[in-house]
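Here is a short report for a reader meeting this structure for the first time. Please keep the sequence and the model side by side while reading.

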Amino acid sequence: MRSLLRLVYDHGHDFSAVLADAGLDFNPLEEDAPGYRAEVSAMQYSRVYQQVLRRLQDETFGVADNGLATPGAFRMMCYCIIACDTLGQAIQRAAEFYRTFFDERSQLYANFSEPVARVGYRRFQPPQAGQVGAMEAYGLSVWHRFFGWLCGRPIELKRVDFKGAAPQRMDKYEALFCAPLYFNQSSDLLYFDSACLSWPVVHTEHSLQEFLRTAPYQLLIMDVDPGSDNLAAQVKAMIGHDFSEGFPSFETISSALNMSAPTLRRRLKREGTTFQQIKDDARCDAARLHLGRPELSINEVALQLGFTDPSAFHRSFKKWTGQTPGQYRAGQRKLA
């Protein structure tokens, strides 16, 4: 959060408007200010992120020091890779995209020639002086979580390399990656098992649109624990958060996962769930997400979730959470 706001300040913008538009009533850069909180919710962070991008336009993708090109470029790269069959194909196409349109600072490096795949930023320079910065860590974390989002399941990292020296708060970096960290290296790289490269890309252009509209919210709430890897998580990822045009059919999802409908049903039962339960969980998550957007009325939230009758949404939400949509929204405002 602080890095994003400093980015706005460094480019000559007034970040008080960013805070106001994002619904924050305190300044995260002033720890002694009234109402200061050390942490904000994933949705609040996402709103700040989106407000920053709107103001900086094509100046940065939020990670200027890592050369992550522009928000428009990232969006176009996403559309270029979403039709890929596997994660490996998607990463190779993403690397080709940045290699074609941007200089070395913004190019994504990928090496699949060994049992452990390496992806990140390869620099032909000596290790940098000073501690690794939060933006470098954020840049690698975005790619790690984005790759997991594409496949609908977390990717276990074998190690993470940074050019900078070890930071003072190692615990935050360890919690971010859940992997051994190496500093003063020649490149900023993620290492993971090459077997992950054959995992299918489970998302579609439709779910990508919702992802880009709320980014980076879905990446921030992702479970990055590899122990939670399961089929239900993949199905839920494919369902997404936007139901204004209905749900993807069971047959569509089973086909995308390269298995028959009876096989998918049987495997979900083995995991203790059903397609209907996953749909209800996804809809409940989406309802919480949309109720966190103050610009939407509750009736508009109902439409976003595919309910033509707002009263049906009220009944369903109370069944899922024990609260009415209005009660849930009021509770969230008190926490904000």
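## Around V116

Leaving out residues up to four places away in sequence, V116 touches N111, K158, Y191, F192 and S194. V116 is found in strand 2. Its relative accessible area is 30%, so V116 counts as partly exposed. The model is a predicted one.

V116 and A195 are 79 residues apart along the chain. Their C-alpha atoms are separated by 8.4 Å.

## S194 in its loop

S194 lies in the loop between strand 5 and helix 8 (205–214). Is S194 buried or exposed? The cut-off for buried is under 20% relative accessible area. S194 has 19% relative accessibility, so it counts as buried.

Setting aside neighbours within four places in sequence, S194 is in contact with E114, P115, V116 and A117. V116 belongs to strand 2.

Five strands make an open sheet: 5 strands in the order 1-2-5-3-4, with mixed pairing. Strand 1 (109–111) and strand 4 (181–182) stand at the edges. Each has a single partner strand, so one side of each lacks a neighbour in the sheet. Strands of a sheet pair through backbone hydrogen bonds, and the pairing is either parallel or antiparallel.

Strand 3 (residues 157–161) pairs with strand 4 in the parallel sense, over 2 bridges. Here D161 stands opposite Y182 of strand 4. Helix 6 (residues 134–151) packs on the sheet. Helix 6 touches strand 2 (116–122), strand 3 and strand 5 (187–193). The direction of helix 6 makes about 25 degrees with that of strand 5.

## A charge over two rings

Which rings lie under R159? One is the ring of Y182: the charged end of R159 sits over it, 3.9 Å from its centre. The other is Y191, where R159 lies over the face at 4.8 Å from the ring centre.

Y182 is the residue of strand 4 opposite D161. Y191 is among the residues that V116 touches.

## Aromatic residues

How many aromatic pairs does the structure hold? There are 19. F97 and Y98 form one that is edge-to-face, at 5.4 Å centre to centre and 85 degrees between the planes. Both F97 and Y98 are buried.

F97 and Y98 also belong to an aromatic cluster.

## Helix 10

Helix 10 covers residues 231–239. Of its 9 residues, 7 are buried, so helix 10 is largely enclosed by the rest of the structure. Those buried residues are L231, A232, Q234, V235, A237, M238 and I239.

What follows just after helix 10? G240 does, with a positive phi of about 75 degrees.

## The whole chain

The protein chain has 16 helices and 5 strands. It is made of 336 residues, and 50% of them count as buried. The chain exposes about 16200 Å². Carbon and sulfur atoms supply 49% of that area.

Contacts also reach along the sequence. Among those between residues at least 6 apart in sequence, 66% join residues at least 24 apart.

Methods: Residues numbered from 1 in each chain as written. Predicted model: local features only at pLDDT ≥ 70, side-chain atom pairs only at ≥ 80, totals over all residues. Heavy atoms only, no water. Phe/Tyr/Trp six-rings, centres within 6.5 Å; stacked < 30°, edge-to-face > 60°. Buried < 20%, exposed > 50% of the residue type's maximum accessible area, 1.4 Å probe, protein only. Lys NZ or Arg CZ within 6 Å of the ring centre and 35° of its normal. Pairing = 2+ DSSP bridges. Helix = DSSP H or I, 4+ residues; strand = E, 2+ residues; numbered from the N terminus. Contact = heavy atoms within 4.5 Å. Axes fitted to C-alpha atoms, helices over the stretch in contact; angles between N-to-C directions. Areas by Shrake-Rupley, 256 points an atom, 1.4 Å probe, with all protein chains shown as cover.
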